[in-house]
Amino acid sequence: MENKKEMTIPNVSAATDAEQSLSKCTDNSIVNQDTDFKGYEQSFEEMQREILRQLDPSYLKTVSMTTLYDTVFEVQTPLIDCLLQRGS
């Protein structure tokens, strides 16, 4: 008599290869969603303008003194004690 193991789930290489359970299926579809994309287009254009502005070679990012003062910088260990810091 051959001893075969019954498998309850298929042997898959990743969880994404398995079927989606019925409990996670919904009745929502793209057609039922709001089709007003004007707000998204406007914010996308603003992001695009900001990226192009930052890519300009003459762009210099500045921060206020308060922001600089409130920034907590990570303490780095010196390469040589009391003599040489990293990046120096």
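Guide: Helices here are DSSP runs of H or I with at least four residues, strands are runs of E with at least two, and both are numbered from the N terminus. The model is predicted, so local features need pLDDT of at least 70 and side-chain atom pairs count only at pLDDT 80 or more, while totals for chains, interfaces and linings use all residues. Residues are numbered from 1 along each chain as its sequence is written, and side-chain values use heavy atoms, with hydrogens and water left out.

Visitor: How many helices and strands does the protein chain have?

Guide: The protein chain has two helices and zero strands.

Visitor: What makes Glu50 and Arg53 a salt bridge?

Guide: The term asks for a side-chain nitrogen of Lys or Arg within 4 Å of a carboxyl oxygen of Asp or Glu. Between the side chains of Glu50 and Arg53 the N to O distance is 2.7 Å, so the pair meets the rule. By this rule the count is one salt bridge.

Visitor: Where do Glu50 and Arg53 sit relative to each other?

Guide: Both belong to helix α1 (residues 38-55), and because they are three residues apart, about one helical turn separates them.

Visitor: Why is Glu50 called partly exposed?

Guide: Buried means under 20% relative accessible area, exposed over 50%, and partly exposed in between (1.4 Å probe, protein chains only). Glu50 has 30%, so it is partly exposed. Arg53, at 43%, is therefore partly exposed as well.

Visitor: What share of the protein chain counts as buried?

Guide: Of its 88 residues, 0% count as buried.

Visitor: Why is Cys82 called exposed?

Guide: Cys82 has 84% relative accessibility, so it passes the cut-off and counts as exposed. Cys82 is in the segment after α2, and its phi is positive, about 60°, although Cys82 is not a glycine.

Visitor: Which residues does Leu84 contact?

Guide: Contact means heavy atoms within 4.5 Å. With neighbours within four places in sequence left aside, Leu84 is in contact with Pro78 and Leu79. Leu84 is found in the segment after α2 (65-70) and, at 31% relative accessibility, counts as partly exposed.

Visitor: Where does Leu68 lie, and how do you know that Leu68 is partly exposed?

Guide: Leu68 lies in helix α2. Its relative accessible area is 42%, which falls in the in-between range, so Leu68 is partly exposed.
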